[in-house]
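Good morning, colleagues. Please take a moment to look at the sequence and the structure on the screen before I go through them.

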Amino acid sequence: MNDKPTGKGRKWKACRDKMMHALRHLFASEAINEGVDVYTLADILGHEDPAFTLRRYVHRVSGAVEKARKAIGQRYRAAV
């Protein structure tokens with residue numbers, strides 16, 4: 001363990017920081033899977049550039065092709 005203080009005077013603990021980082025990734029991945037738009041997610045995560053958020057998390061979208069097909073199909077059916 002490194003005892004170098006960081007942030008607001010807390011001591012850096014590797015396992016705690018790794019767990020918080022993992023939870024951040026889980027949150028972002030689940031938000032994308034639930035349809036949160038990239039601009040909103042980037043703002044929540046504190047990313048200045050939504051493109052960074054896309055590059056970091058877009059590969060985690062499960063069933064993305066099927067979701068896109070359904071969304072487009074619903075729009076076409078609604079227009080008819």
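This is a predicted model: local features need pLDDT of at least 70, side-chain atom pairs count only at pLDDT 80 or more; totals for chains, interfaces and linings use all residues.

Let me turn to the secondary structure. The chain has 2 strands and 4 helices. Read from the N terminus on, the order of the elements is β-β-α-α-α-α.

Next, the interior. Of the 80 residues in the chain, 20% are buried. Which residues make up the largest nonpolar core? That core consists of 6 residues, namely Ala28, Ala31, Ile32, Leu41, Leu45 and Tyr57. Two elements, α1 (14-33) and α2 (38-45), each give two or more residues to this core. Helix α1 provides the largest share, with 3 residues.

Finally, the surface. The accessible surface of the chain comes to about 6600 Å², and carbon and sulfur atoms account for 59% of that area. A nonpolar patch on the surface is formed by Met19, Met20, Leu23 and Leu26, which together have about 410 Å² of accessible area.

Is Met19 buried or exposed? Met19 counts as exposed, because its relative accessibility is 51% and the cut-off for exposed is over 50%.

Thank you for your attention.

Conventions. Residues are numbered from 1 along each chain as its sequence is written. Side-chain values use heavy atoms; hydrogens and water are left out. A nonpolar core is a set of buried Ala, Val, Leu, Ile, Met, Phe, Trp, Tyr and Cys residues joined through side-chain atoms within 4.5 Å. Buried means under 20% relative accessible area, exposed over 50%, partly exposed in between (1.4 Å probe, protein chains only). Accessible areas come from the Shrake-Rupley method with a 1.4 Å probe; for residues, only the protein chains shown count as cover. Patches are made of residues with over 30% relative accessible area and no salt bridge: like charges are joined within 9 Å, nonpolar side chains (Val, Leu, Ile, Met, Phe, Trp, Tyr) within 5 Å. A salt bridge is a side-chain nitrogen of Lys or Arg within 4 Å of a carboxyl oxygen of Asp or Glu.
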